Amino acid sequence: MAITIAAIRGVSSGIRATRDVSEARAVAAPARLEWRVAHVVSVRDETPHARTLVLDVPQWPGHRAGQHVDVRLVAEDGYQAQRSYSIASAPESPNVELTVERLDDGEVSPYLCDVLQPGDGLEVRGPIGGYFVWEIAHGGPLLLVAGGSGIVPLMAMLRHHAAAPREISARTAVRLLYSARTADDIIYANELGRLAEAREVDVQYTLTRTAPADWTGHRRRIDRPLLEHVAWPAAEGARAFVCGPTPLVEHVATLLVELGYDPLQVRTERFGPTGP
Amino acid sequence: MADTPFIARGFHPKRAGAAPNRLPPGQYETRDFPVLSAGPTPHTPLSTWDFTIADSSGTAIRWTWDELQALPHDTPTVDIHCVTKWSKFDTKWEGISVDTLLDAARAKGIADGQFVVAFCDGGYTTNLPFADVTGGKAWVAFGYDGAPLPPEHGGPARLLVPHLYFWKSAKWVRGLRILQHDAQGFWEQLGYHDRGDPWREQRYQGDP
């Protein structure tokens, strides 16, 4: 998914308060993030609209779950286009995987989904971003709320959780609420089904457009009752990560604060509509 | 850029038709106004809102919402550039020039400095060179496109520094602290650039 980091955050009114970013300070690299030509190892269609690119990035410095990379396409005449894409793979994965949703009127995503082939090169630099990240050492419980391709950075967190030693992952309970338009639009459906076999991982879907006749999940946009049903009670002190289109993220983040979540424990990443 | 560009095989750009000299490197034009925030949107009532300028000695000047509104308004029309790659042309704002606020601050004995840190509801901060918020280049903006600035875009007021990447235009701004030495803000500590000039593509720490 094309993501938006950048700017700004806030809540409450402690104007002298300074957000604690010490967790992330250690990875703020003073050295320049260099462009590297990644090798496309393979591609995998996830849904009719989303494709995963499996990349071998030379001298990849490693990443944390939730971070993203910049991708640069340079045309023969020197014209360049850049976009940001969340990393879907766990830090433990030998390759860097990006899952890209095809925007039909886009300039970069149709190239990545339809033109790029195994064996091709692709310029990337990263990893970027240090706030929308989760490490198993941060603990839980963990609440993940995804809209559409907003699942991508949350999938990196789920995969990171699954890669941890069993005695550690079993202590960290995770709940995912994933809103998609239709059942066919659910990215990573099979893998999410396998992850949900772990007792501490709960996966719930809600479909906002059409649902199959035998659908047993939820069928509506995320609202307060649905969030109350899925989310940890505020007293549990869960960390929440919310990623998706702006209206979903605005709505869910506001609801979580109303439900008593500490705004500093509600981390968001929003995307689109950002044009081509 | 020093890198030798790698040509993407089979990449035939659509080119959105933007005047190339208005788009900094790596940017594309959008007609939307994306929302970019790291957390929930705060909602501060105007009755308790104020704006502060303080220097390193602790001397401060403070405006209530009504006092700020009574100052002369500017209505800049500017291009804005987000580090996430989108640019938006001819955005129309209403606000108070930071020069106007600094004139009043100087009259109260507040000293100029080399840098400022903007601070905001929710604890967000961003650092800027003093020269980047003076000389008609920066505003405290509370109107957008003829209406009050919506909360998700930083309302009731945000900093507007359009010649730098837009994370420097801090949402929900409540004041400026004038410093003699640079002190990194929120995203800057997380690896983003201390100045953030889009024309030099200063996105991340270590960029030229």
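In helix α7 of chain A, the residues Thr246(A), Leu248(A), Val249(A), Glu250(A), Val252(A), Ala253(A), Leu255(A), Leu256(A) and Val257(A) are buried, a residue being termed buried if 20 or more other C-beta atoms lie within 10 Å of its own, exposed if 12 or fewer, and partly exposed in between, with C-beta atoms placed from the backbone. The model is predicted, so that local features need pLDDT of at least 70 and side-chain atom pairs count only at pLDDT 80 or more, whereas totals for chains, interfaces and linings use all residues. Residues are numbered from 1 along each chain as its sequence is written, and chains are lettered from A and ligands numbered from 1 in the order in which they are written.

Helix α7(A) covers residues 246–258. Its 13 residues reach 18 Å from the first C-alpha to the last, close to the 18 Å expected at 1.5 Å a residue; the expected span is 1.5 Å times one less than the number of residues. Helices (H or I, at least four residues) and strands (E, at least two) are DSSP runs numbered from the N terminus. The cover over the buried residues of α7(A) includes the strands β7 (142–147), β8 (174–180), β10 (239–245) and β11 (266–271) of chain A, together with helix α6 (224–230) of that chain. Just after α7(A), Gly260(A) adopts a positive phi of about 105°.

Strand β11 of chain A contains Arg267(A). This arginine, Arg267(A), is buried, because 21 other C-beta atoms lie within 10 Å. Its C-alpha atom is separated by 9.9 Å from that of Val249(A), 18 residues apart along the chain. When neighbours within four places in sequence are left aside, Arg267(A) is in contact with Tyr131(A), Phe132(A), Ala240(A) and Phe241(A), and also with Ala38(B) and Gly39(B). Contact denotes two residues whose C-beta atoms, placed from the backbone, lie within 7 Å.

For chain A, the secondary structure comes to seven helices and eleven strands. Of the 276 residues in chain A, 51% are buried. Among contacts in this chain between residues at least 6 apart in sequence, 73% join residues at least 24 apart. By an automatic or database domain assignment, chain A is divided into domain 1 (26–128) and domain 2 (136–271). The centres of these two domains, taken over C-alpha atoms, are separated by 24 Å. Domain 1 gives 16 residues to the contact and domain 2 gives 14 residues. On the side of domain 1 that touches domain 2, the elements that give two or more residues are β1 and β5 of chain A. By class, this side of domain 1 has seven nonpolar, six polar and three charged residues; Ala, Val, Leu, Ile, Met, Phe, Trp, Tyr, Cys and Pro count as nonpolar, Asp, Glu, Lys and Arg as charged, and the others, Gly among them, as polar.

An open sheet of six strands in chain A has the order β4-β3-β6-β1-β2-β5, with antiparallel pairing. Strands β4 (80–86) and β5 (96–101) of chain A stand at the edges with a single partner strand each, so one side of each is left without a neighbour in the sheet. Neighbouring strands of this sheet are turned by 40° against each other on average, direction ignored; axes are lines fitted to C-alpha atoms, for helices over the stretch in contact, and angles run from 0 to 180 degrees between N-to-C directions. Two strands are taken to pair if DSSP finds at least two bridges between them.

Within this sheet, strand β1(A) (residues 36–47) pairs with β2(A) in the antiparallel sense over seven bridges, and a hairpin joins β1(A) to β2(A) through two residues. Val40(A) has Leu55(A) in β2(A) as its bridge partner. Strand β2(A) (residues 50–56) is joined in turn to β5(A) by six bridges, the two running antiparallel. Here Arg51(A) stands opposite Val100(A), and Leu53(A) has Leu98(A) as its bridge partner. Six of the seven residues of β2(A) are buried, leaving this strand mostly covered.

In chain B, an open sheet of five strands has the order β3-β2-β11-β6-β7, with mixed pairing. Its edges are β3 (60–64) and β7 (125–129) of chain B, each with a single partner strand, so one side of each is left without a neighbour in the sheet. Neighbouring strands of this sheet are turned by 15° against each other on average, direction ignored. Strands β6 (residues 115–120) and β11 (residues 173–179) of chain B run antiparallel and are joined by six bridges; Cys120(B) has Val173(B) in β11(B) as its bridge partner.
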